[in-house]
Amino acid sequence: MDLTASDLHPFGSEISEETLARRFADCRQWEDRLRQVILLAKALPALPPSLKSAENLLSGCESRVWLGHRQLADGSLHFYADSEGRIVKGLLAIVLTHIEAKKPTDPVLQSPLALFDRLGLREELSVSRADGLQAIACRIKAIAAGYG
């Protein structure tokens with residue numbers, strides 16, 4: 001399967017960090033933020049079975065999570081992800097918004113969870129979800145380092 005940056009998801013292109021900041025700005029309660037996370041999950045298409053490989057499967061997450069990537073012609077990285085958990089899938093959409101189409105040396109890839117702080121989400125997450133996000137962040141950093 002030949003992927004392009006727009007093949008699998010709109011995050012980081014059609015849906016930007018600014019878009020998410022506007023969506024979350026009016027959310028005063030955790031329930032409102034959670035609704036937004038679930039809506040983001042619905043916008044993240046499921047990965048085809050061929051990309052739900054053992055190589056892309058992450059450990060350290062409560063739900064099964066797949067995170068893969070490929071380098072594009074311009075040297076930037078296209079990330080794709082999926083999860084069986086609806087909330088985790090929405091959290092992945094936020095991560096993808098922040099890291100999509102960045103070069104391996106871009107400092108953003110060393111702080112892949114920074115958008116959660118900007119959106120005011122990190123302090124609301126359960127310990128298990130926060131641990132899962134850390135596992136995702138570690139994988140992203142390792143991917144970026146693999147090109148260095």
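Leaving aside neighbours within four places in sequence, which residues is Gln 134 in contact with? Select Gln 134 and look around: Leu 113 and Arg 122 are the contacts there, where contact means heavy atoms within 4.5 Å.

Before going on, some ground rules. This is a predicted model, where local features need pLDDT of at least 70 and side-chain atom pairs count only at pLDDT 80 or more, while totals for chains, interfaces and linings use all residues. Residues are numbered from 1 along each chain as its sequence is written, and side-chain values use heavy atoms, with hydrogens and water left out.

**Stop 1: helix 5**

Stay on Gln 134, which lies in helix 5. Helices (H or I, at least four residues) and strands (E, at least two) are DSSP runs, numbered from the N terminus. Gln 134 is partly exposed, with a relative accessible area of 38%; on this scale buried means under 20% relative accessible area, exposed over 50%, and partly exposed in between, using a 1.4 Å probe and protein chains only.

Not counting residues up to four places away in sequence, Lys 141 touches Leu 109, Gln 110 and Pro 112. Show Pro 107 as well: 34 residues separate it from Lys 141 along the chain, and the C-alpha atoms are 9.9 Å apart.

**Stop 2: Cys 61**

Select Cys 61, in the loop between strand 1 (57–58) and strand 2. An unreviewed UniProt entry places the feature "active site" at Cys 61; UniProt positions are in the numbering used here, feature names are shortened, and annotations may be inferred rather than shown by experiment. Is Cys 61 buried or exposed? Its relative accessibility is 18%, so Cys 61 counts as buried. Beyond residues up to four places away in sequence, Cys 61 touches Gly 132, Ala 135 and Ile 136.

**Stop 3: the nonpolar core**

Ile 136 leads on to the largest nonpolar core, which has 39 residues; Phe 79, Ile 94 and Ile 136 touch the most other members. A nonpolar core here is a set of buried Ala, Val, Leu, Ile, Met, Phe, Trp, Tyr and Cys residues joined through side-chain atoms within 4.5 Å. Colour the elements that give two or more residues to this core: helix 1, helix 2, strand 2 (65–71), strand 3 (77–83), helix 3, helix 4 and helix 5 (127–145). Helix 3 gives the most, with nine residues. Then centre on Ile 136 and show what it touches, not counting residues up to four places away in sequence: Leu 58, Cys 61, Val 65, Leu 67, Leu 92 and Val 95.

**Stop 4: helix 1 against helix 2**

Select helix 1 (residues 17–25) and helix 2 (residues 30–43), which pack at an angle of about 145° with their axes 9 Å apart. The axes are lines fitted to C-alpha atoms, for helices over the stretch in contact, and angles run from 0 to 180 degrees between N-to-C directions. Show Leu 20, Arg 23 and Phe 24 on the helix 1 side; they meet Arg 33, Gln 36, Val 37, Leu 39 and Leu 40 in helix 2.

What are the buried residues of helix 1? They are Glu 17, Leu 20 and Phe 24. These cover an arc of only 60° around the axis, so they sit on the same side of helix 1. The buried residues of helix 1 pack against helix 2, helix 3 (86–99) and helix 4 (114–119).

**Stop 5**

Val 37 lies in helix 2 and counts as buried, at 1% relative accessibility. Leaving aside neighbours within four places in sequence, Val 37 is in contact with Phe 24, Ile 87, Gly 90, Leu 91 and Ile 94. Move on to Arg 33, also found in helix 2. Arg 33 counts as buried as well, at 14% relative accessibility. With neighbours within four places in sequence left aside, its contacts are Phe 24, Cys 27, Arg 28, Leu 119, Gly 120, Leu 121 and Glu 124.

**Last stop: Ala 101**

Finish in the loop between helix 3 and helix 4, where Ala 101 lies. Check the backbone: Ala 101 has a positive phi of about 65° although it is not a glycine. With a relative accessible area of 40%, Ala 101 is partly exposed.

Conventions: The arc is that of the directions from the helix axis to the C-beta atoms.
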